[in-house]
Amino acid sequence: MTTLKLALDWRPNTNHTGFFVAQYFEFYEKEQIRLEIISAEEDNYKLTPAKKVELGEADFALCPTESLVSYRTKQNPFDAIALATIFQEDISAICTLRSSGISRPKQLDHKVYASYKARYEDRIVEQMVKNDGGKGLVKLSYPDKLGIWNTLLSGKADATWIFVNWEGVEAEGQQVDLNLFKMSDFGIPYGYSPVIMASEQRFNKHSELYHAFIRATKKGFQYAISNYENSAAILKRYISEDDKCIDLVKSQIMTSHCYGDPHSWGYIDERKMQTFLDWLYKQKLTDRKLKSKDLLTNTLLQN
């Protein structure tokens, strides 16, 4: 039995369902894997999930496509590679409270955006504002990452980036109306988020073990696609007290279609990722032209 560590990008939530389902049904154990799941809550995001992989504190991390670019292009590059994606379509959005009167991105000029301080995040948001006819003059704030959502609810920020199937469901349950601005609606060909990231060198060295991990994970997500209530019940064991108010079944139902086809779960389209990489370069967010084929592999998705 080999122990592998997965660093989550947040507290346990619906996006992570497949991992917990695979644990519950012992899909990992059947592959001779003991999976340790590390919540971002454990160190309050002192280290990002991707950083934990770079430092060897985790074997896998959940992160957006931007993290792959960031690690590949930094001064001392790290060989980050995506092994699979959780979703086939973007389920995130920039959001504002409807009560704020901010109904379009261009109205975020001179407003406060609560940022996660990801490398390209602020520039992406500013570009969204410009694409909508604004000037991109957003006031950036950097609250405690795990408390960002509350800064919006409390009025300390005017906007932030959320997963619609999580914070969006929470807001609906609390009867808080939101305005949602999706990247694709404002000229930004966003990539995949989150992806399962690893070190390419370690992946090449342990390809059979990593294949077994993805195989078990895929079974977990395949189950979650259509078994809403059972999956929600399994996830409920792991979520934080702060998230107990969220309707997990509703969140599962909202999420299901975003996983894509059960048989092709995890597949990353090189062309889609390339379009995003080209956009980053065109916007001068990165000074290197990257090839998507160097940042991903779909080889582990084959049973």
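## Salt bridges

In this predicted model, the count of salt bridges comes to 10. To begin with one of them, select Arg 215 and Glu 31, whose side chains meet with N and O 2.8 Å apart. Arg 215 belongs to helix H9 (residues 207–226) and Glu 31 to the loop between helix H2 (27–30) and S2, so this pair ties together parts that are 184 residues apart in sequence. Glu 31 counts as buried, because its relative accessibility is 19% and the limit for buried is under 20%.

Next, select Asp 132 and Arg 104, which form a salt bridge with their closest N and O atoms 2.5 Å apart. Since Asp 132 sits in the loop between helix H5 (121–131) and strand S7 (139–141), and Arg 104 in the loop between strand S5 (92–97) and strand S6 (112–114), the pair ties together parts that are 28 residues apart in sequence. Asp 132 is buried at 10% relative accessibility, whereas Arg 104 is partly exposed at 37%.

## The open sheet

Now display the five strands of the open sheet, which follow the order S2-S1-S3-S10-S4 with mixed pairing. Strand S2 (33–38) and strand S4 (80–85) are at the edges with a single partner strand each, so one side of each has no neighbour in the sheet. Averaged over the sheet and with direction ignored, neighbouring strands are turned by 30° against each other.

Helix H4 (residues 65–73) lies across S3, S4 and S10, and runs at about 165° to S4.

Moving to the pairing of S4 with strand S10 (residues 195–199), you will find five bridges in the antiparallel sense. Within this pair of strands, Ala 82 stands opposite Met 197 in S10.

## From Met 197 into the cores

Which residues touch the most other members of the largest nonpolar core? Among its 51 residues they are Ile 94, Ile 124, Trp 161 and Met 197. Helix H12 (residues 270–282) gives the most to this core, with five residues. Keep Met 197 selected and show its contacts beyond four places in sequence, including Ala 50, Phe 60, Leu 68 and Ile 81. A second, separate core has 44 residues, including Phe 19, Ile 33, Tyr 210 and Cys 258.

## A last stop at Ser 39

Finally, select Ser 39 in the loop between S2 and helix H3 (49–54), where a polar atom of the Ser 39 side chain lies 3.0 Å from the backbone nitrogen of Glu 41. Ser 39 is buried, with 9% relative accessibility, and touches residues including Trp 10, Pro 12 and Lys 52.

Methods. Residues are numbered from 1 along each chain as its sequence is written. This is a predicted model: local features need pLDDT of at least 70, side-chain atom pairs count only at pLDDT 80 or more; totals for chains, interfaces and linings use all residues. Side-chain values use heavy atoms; hydrogens and water are left out. Two strands pair if DSSP finds at least two bridges between them. Helices (H or I, at least four residues) and strands (E, at least two) are DSSP runs, numbered from the N terminus. Axes are lines fitted to C-alpha atoms, for helices over the stretch in contact, and angles run from 0 to 180 degrees between N-to-C directions. Contact means heavy atoms within 4.5 Å. Buried means under 20% relative accessible area, exposed over 50%, partly exposed in between (1.4 Å probe, protein chains only). A polar contact is a pair of N or O atoms within 3.5 Å; within protein, one must be able to donate a hydrogen and the other to accept it, and residues adjacent in sequence count only if both atoms are side-chain atoms. A nonpolar core is a set of buried Ala, Val, Leu, Ile, Met, Phe, Trp, Tyr and Cys residues joined through side-chain atoms within 4.5 Å. A salt bridge is a side-chain nitrogen of Lys or Arg within 4 Å of a carboxyl oxygen of Asp or Glu.
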